[in-house]
Structures are given as C-alpha cells and as structure tokens.
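I am opening a notebook on a structure that is new to me.

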Amino acid sequence: MPDFCAAYGCSNRLSLKTRAHGITFHRFPKTGEMRRQWELALRRDGFVAADRTLLCTHLQRTLKMSKMFILAGSNKKHHHL
C-alpha cells in the first residue's frame, strides 16, 4: 500500500519517481511534545498521526514546520525516508 503525504491537499506518495524529483519524506516523531507540535502544525481538525504517517518536502511548509524538522533532525536520528 503506498504511503502518501499527510499535508492537506498534497497527493505525493513515497516512490522512486518522487525521490528522483528530489521530494523526500519524513516520519512524525514517535512520541512526545515534538510529535504533537507536528500534528498541530498541519492544522487539520482532529488529526492524529499514525506510526507510519509521512510528510513530504515538495511544498514549502510553514516556517514553524521547517523549524520543527530542523530541531528533530539535530536532536535525534533523522526521520528522512
């Protein structure tokens, strides 16, 4: 089953084609405050990320989301797929 980006209006899916176009995907942090911040940053009412929920880098996310990617990558292993 293909994995799609969780951002509203985005239909990018994890595949060799998207990777060839420079689109990368990131998993949500497993637990904690950082995960909750990512969920809230998507601004989707009632959204709760699953263990395999992904976000792509194709569309520029808000500055807030970009800062969260940087913080997650610098403090823990990178969630880049």
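**Entry 1: confidence.** I looked up pLDDT, the predictor's confidence in each residue, from 0 to 100. Helices here are DSSP runs of H or I with at least four residues, strands are runs of E with at least two, and both are numbered from the N terminus. For the protein chain the mean pLDDT is 77, and 69% of its residues reach 70 or more.

I also wrote down the ground rules. This is a predicted model, in which local features need pLDDT of at least 70 and side-chain atom pairs count only at pLDDT 80 or more, while totals for chains, interfaces and linings use all residues. Residues are numbered from 1 along each chain as its sequence is written, and side-chain values use heavy atoms, with hydrogens and water left out.

**Entry 2: aromatic rings.** I searched the whole structure for aromatic pairs and found two. Rings of Phe, Tyr and Trp (its six-membered ring) pair if their centres lie within 6.5 Å; planes under 30 degrees apart are stacked, over 60 edge-to-face, and the rest tilted.

I took Phe-28 and Trp-38 to begin with. Their ring centres are 5.3 Å apart and their planes stand at 65 degrees, so I logged the pair as edge-to-face. Phe-28 sits in the loop between strand 1 (25-27) and helix 2, and Trp-38 sits in helix 2, so the pair ties together parts that are ten residues apart in sequence.

Are these two buried or exposed? Phe-28 is at 3% relative accessibility and counts as buried. Trp-38 is buried too, at 1%. The cut-offs are under 20% relative accessible area for buried, over 50% for exposed, and partly exposed in between (1.4 Å probe, protein chains only).

Then I turned to Phe-28 and Phe-47. This aromatic pair is tilted, with 6.0 Å centre to centre and 45 degrees between the planes. Phe-47 lies in the loop between helix 2 and strand 2 (54-56), and Phe-28 in the loop between strand 1 and helix 2, so this pair ties together parts 19 residues apart in sequence. Both Phe-28 and Phe-47 are buried.

**Entry 3: salt bridges.** How many salt bridges does a search of the whole structure find? I got three. The test is a side-chain nitrogen of Lys or Arg within 4 Å of a carboxyl oxygen of Asp or Glu.

One of them joins the side chains of Arg-52 and Asp-3, at 2.5 Å from N to O. This pair links distant parts of the chain, 49 residues apart: Asp-3 is in the segment before helix 1 (16-20), and Arg-52 is in the loop between helix 2 and strand 2. Asp-3 counts as buried, at 16% relative accessibility.

Next I followed Glu-39, which lies in helix 2 (residues 32-41). Glu-39 is buried, with a relative accessible area of 6%. Glu-39 forms a salt bridge with Arg-35, and their closest N and O atoms are 3.6 Å apart. The two are four residues apart in helix 2, so about one helical turn separates them. Arg-35 counts as buried at 10% relative accessibility.

Glu-39 also meets Arg-36 in a salt bridge, 3.1 Å from N to O. Arg-36 and Glu-39 both belong to helix 2, three residues apart, about one turn of the helix. Arg-36 is partly exposed, at 37% relative accessibility. I logged Arg-35, Arg-36 and Glu-39 as a network of salt bridges.

I checked what else Glu-39 touches. Leaving aside neighbours within four places in sequence, Glu-39 is in contact (heavy atoms within 4.5 Å) with Phe-28, Phe-47, Val-48 and Ala-49.

**Entry 4: cysteines.** A disulfide is a covalent bond between the sulfur atoms of two cysteines. The rule I used asks for a pair of cysteine sulfur atoms within 2.5 Å. By this rule I counted zero disulfides. Cys-10 is in no disulfide, and its nearest cysteine sulfur, that of Cys-56, is 3.6 Å away. Cys-10 is buried, with a relative accessible area of 13%. Cys-56 counts as buried at 0% relative accessibility.
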